[in-house]
Amino acid sequence: MEQSSNETVSHKKAKPYINPYIGGVLLGIVLLSAFFVAGEGLGASGAFKNVLSVCAAPITSADNTTGFFAKTYKSLMEDSSKWWIALEVLGVLIGGLLSGAISGRLKLKTEHSPKITKKRRLIFALLGGVFFGIGSQFGRGCTSGAALSGMASFSVAGFLTMICIFGTGYALAYFFRKNWI
Amino acid sequence: MAPLVENELISGNFNLLIALFIGLGFGFVLEQSGFSSSRKLAGVFYGYDMTVMKVFFTAAVTAMFGLLFFSLFGWIDLELIYVNNTFLYSAIIGGVLMGIGFIMGGYCPGTSMCAAAIGKIDAMVFIIGIFIGVIIFGIGFPLWEKIYTAKAMGPLKLSDLIGVKDGVFLLLLSVMALAMFFAAEWVEKKFPRDVY
């Protein structure tokens with residue numbers, strides 16, 4: 001967007017991020033277009049479940065179980081619209097890459113607070129991912145699918161999940177402060 | 001006329017192609033807003049960077065206004081819009097677990113994809129974690145199936161629950177969001193901030 005003059009000078013200059021409110025309006029338009037086209041909002045965690053159910057299919061289909069992944073796989077095979085979220089998430093990867101390329105932010109690195117080691121950052125990232133993975137299944141969607149899209153469709157679950165995600169984050173922030181500040 | 005797919009105005013395959021482009025827009029906007037940085041994302045919990053809250057609520061309110069106005073103009077049939085089903089206990093458990101994941105990992109699934117795309121190794125590790133988490137959930141599913149489906153309340157809308165019209169509800173939410181934005185701007189001045 002606009003050139004900001006107070007940007008700190010680094011040796012390899014990346015473009016500044018866009019204004020968060022403009023970003024929010026743009027994200028809202030993307031979300032609205034998802035509703036307009038497909039009748040439902042955005043998501044991310046569903047794609048993980050779908051990919052896993054396909055990978056697990058040789059195992060789950062053998063014993064013809066009605067397990068979690070078997071059920072997911074069956075619905076994917078019966079209804080092609082269930083692939084929506086997987087393709088959308090593939091788009092997220094491409095969109096992120098494009099944006100990073102345009103703004104000069106493509107760089108292989110582990111981002112962490114100078115107060116902690118790289119190893120500690122990666123261990124916490126892994127654990128955080130595990131919690132988020134389990135939680136997103138209980139929540140029937142993550143921050144985008146359950147909280148954001150749920151809120152936008154006025155869903156009680158959307159608001160509840162959003163409050164629980166951020167409420168828990170704030171409640172525990174003190175204990176993890178060393179990792180971030 | 002909309003949702004286009006529900007009304008069979010576009011084919012299923014074309015819908016999947018559009019999914020790719022909507023995802024592309026999603027990823028692009030997330031990255032441009034700075035959601036590819038875990039330290040920026042985590043800032044919302046410490047007050048040094050409230051971007052997450054600003055983007056999140058602006059997006060929700062924008063989409064909600066869009067839905068209501070589109071419906072008013074007869075462009076979209078709100079009856080066909082998917083409202084997330086509420087399973088009370090599961091939604092709470094899920095939200096709490098995700099909150100723990102957020103404060104530990106600094107990402108959520110969508111933002112981690114976006115960050116991994118620009119080369120953040122911590123995001124790639126986070127994604128491995130998500131896969132492990134979903135596998136744990138799937139394998140242990142019989143253990144928590146009961147609680148997962150308990151207290152099913154259907155596609156309940158919060159506006160209906162508190163007994164106001166969608167428009168009134170959205171107005172109240174917008175006022176709340178504005179108050180939060182003012183608070184966010186104020187709080188950011190109180191805490192030192194780096195550029196990530």
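Reader: How many residues of chain A are in contact with how many residues of chain B?

Author: This is a predicted model, in which local features need pLDDT of at least 70 and side-chain atom pairs count only at pLDDT 80 or more, while totals for chains, interfaces and linings use all residues. Residues are numbered from 1 along each chain as its sequence is written, and chains are lettered from A and ligands numbered from 1 in the order in which they are written. Two residues are in contact if their C-beta atoms, placed from the backbone, lie within 7 Å. Here, 110 residues of chain A meet 107 residues of chain B.

Reader: Which element gives the most to the side of chain A that touches chain B?

Author: Helices are DSSP runs of H or I with at least four residues, strands are runs of E with at least two, and both are numbered from the N terminus. H1(A) gives the most, with 18 residues. Chain A has 9 helices and 0 strands.

Reader: Is B:Pro109 buried or exposed?

Author: A residue is buried if 20 or more other C-beta atoms lie within 10 Å of its own, exposed if 12 or fewer, and partly exposed in between, with C-beta atoms placed from the backbone. B:Pro109 counts as buried because it has 31 C-beta neighbours inside 10 Å. B:Pro109 belongs to helix H5 (residues 109-117) of chain B.

Reader: What does B:Pro109 touch, not counting residues up to four places away in sequence?

Author: Its contacts include A:Phe48, A:Phe132 and B:Ile130. The C-alpha atoms of B:Pro109 and B:Ile130 are 7.5 Å apart, and the two residues are 21 residues apart in sequence.
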